[in-house]
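Take a look at the chain below. This report walks through its helices, its cores and its charged pairs.

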Amino acid sequence: MLDVLGQVLIYVVPFLLVLTVIVTIHELGHFWTARAFGVKVDRFSIGFGRAILSRRDRHGIEWRLAWLPLGGYVKFAGDLDASSVPDRKGLDELRERIARDEGEGAVSDYFHFKPVWQRALIVAAGPFANFVLAVLIFAVLFSALGVQVSPPRVAGVAPDGAAAEAGFAPGDLIVAIDGRQIEDANEMVRIVSLNAGEPLTFEIERDGQPVELIATPTRTVERDPIAGRVTVGRIGLQLGSLPGETRFVRYDPLSAVGRGVQEVGDVIGTTLHYLGRLLTGRESGDQLSGPLGIAKASGALTDRAVSANPDPVFTALNVLLTLVQFAAILSIGIGFINLMPIPVLDGGHLVFYGYEAVAGKPVAAAVQEAGYRVGLALVAALMLFATWNDLQKLDLFRFLGGLAS
């Protein structure tokens, strides 16, 4: 029993804590923007289901902490359905009710009667808040702790790998890949990992002279201590810097924000690159993860942080730093997913508002209902697929069996 409790504390609690913070920031983005435009709000909820704690402020807004900490929401006054996009008939009925009960002047306080550009900004503010949170986290880390930069210099070449076939040699310094300048070894590894089966053009510096080589990463199945079983591209290089090449860079606050924006852009770019390869059939989709995989990853990160040093103060700080870094990545992921053009997500709402801005009227009720059902089915299918991936690549059948025993 104690072992099971320990596993829950390591794998579940950190994930729920991080998720709660990220979802709260996301919903506050919607909330603050809505209030800035004078929108009347009924409820702000962290979590779903029955309330554990609840109170109303002087504006009549209910602030609620619910028992299921897997999300949250902002309920605007007058919301008619789960998609928050009523049709013309629904809008007319709502307008009549508000005018009758509260007076004609109160109509403009309701979300659905705000100009379409304001509604679009309110919806987009949630994902935007997630990106801002990630930028701020990265900026604080880059300013307070700095970044270690190790040039991608070749220390060894596997005799039977793609790099050897391409002509790499120890001592080569990789300068660019497909025209993109490379300054850090981790950046080079990431690009190679994401391009299995794709020829890559490497610009290298050898004995002070430029050399161009072409290598195709080989698809390789590996066991990652954090992500579990992963499929990545490898060319058979061992990297290692010469004495004095590795440097430690600490940014001033303004530069740290700029680097934070760049980091968020890199994560989004990497995600789009992977999805593009997935849609074109060049990736199998086995790297998609759901809540189980994310929880397992957060637990593995926490476990590694705890094991790094026996000193309790160092351990606490290391765990905190690890969870903060994990929160930045997860926040980007949640913001990105919510911008996908699926009707049940923020991106789907933005698609509806785009149509309304062009056509001058809301999307027809039948189209909204069909879109909502299809969107819900797509989200459910994606979650099931991602969960199945988690069970396979993270060996969670064995993990859950270990908890039960």
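Which residue just after helix 10 takes a positive phi? Gly360 does, with a phi of about 80°. The model is a predicted one.

**Helix 10**

Helix 10 covers residues 346-359. Its 14 residues, at 1.5 Å a residue, should span 20 Å, and the end C-alpha atoms are 20 Å apart, which agrees. Several of its residues are buried, including His349, Phe352, Tyr353 and Glu356. Asp346, Gly347 and Gly348 are buried too.

**The whole chain**

The protein chain has 12 helices and 12 strands. It holds 405 residues, and 42% of them count as buried. Take the contacts with a separation of 6 or more: 64% of them join residues 24 or more positions apart. The accessible surface is about 21300 Å², and carbon and sulfur atoms account for 63% of that surface.

**The cores**

The largest nonpolar core has 28 residues. Val18, Ile22, Phe138, Val264, Leu330 and Ile332 touch the most other members. Helix 4 gives the most, with 9 residues.

Now zoom in on Ile22. Leaving out residues up to four places away in sequence, Ile22 touches Asn130, Leu133, Ala327, Leu330, Ser331 and Ile334. Another core lies apart from the largest one. This other core has 17 residues, among them Val154, Ala166, Leu200 and Ile204.

**Charged pairs**

Side chains of opposite charge can pair when their charged atoms come close. The count here comes to 10 salt bridges. The table lists some of them.

| Salt bridge | N to O distance |
|---|---|
| Glu62 and Arg43 | 2.8 Å |
| Glu356 and Arg119 | 2.8 Å |
| Arg259 and Glu263 | 3.7 Å |

Start with Glu62 and Arg43, whose side chains meet in a salt bridge. Glu62 is in strand 2 (residues 62-76) and Arg43 in strand 1 (residues 41-56), 19 residues apart. Glu62 counts as buried because its relative accessibility is 8%, and buried means under 20%.

Next come Glu356 and Arg119, which also form a salt bridge. Glu356 lies in helix 10 and Arg119 in helix 4, so the pair ties together parts that are 237 residues apart in sequence. Both residues are buried.

Glu263 has 22% relative accessibility and counts as partly exposed. Elsewhere, salt bridges that share partners join Arg43, Glu62 and Arg64 into one network.

Notes. Residues numbered from 1 in each chain as written. Predicted model: local features only at pLDDT ≥ 70, side-chain atom pairs only at ≥ 80, totals over all residues. Heavy atoms only, no water. Helix = DSSP H or I, 4+ residues; strand = E, 2+ residues; numbered from the N terminus. Expected span 1.5 Å × (residues − 1). Buried < 20%, exposed > 50% of the residue type's maximum accessible area, 1.4 Å probe, protein only. Core = buried A, V, L, I, M, F, W, Y, C linked by side-chain atoms within 4.5 Å. Contact = heavy atoms within 4.5 Å. Areas by Shrake-Rupley, 256 points an atom, 1.4 Å probe, with all protein chains shown as cover. Salt bridge = Lys/Arg side-chain N within 4 Å of Asp/Glu carboxyl O.
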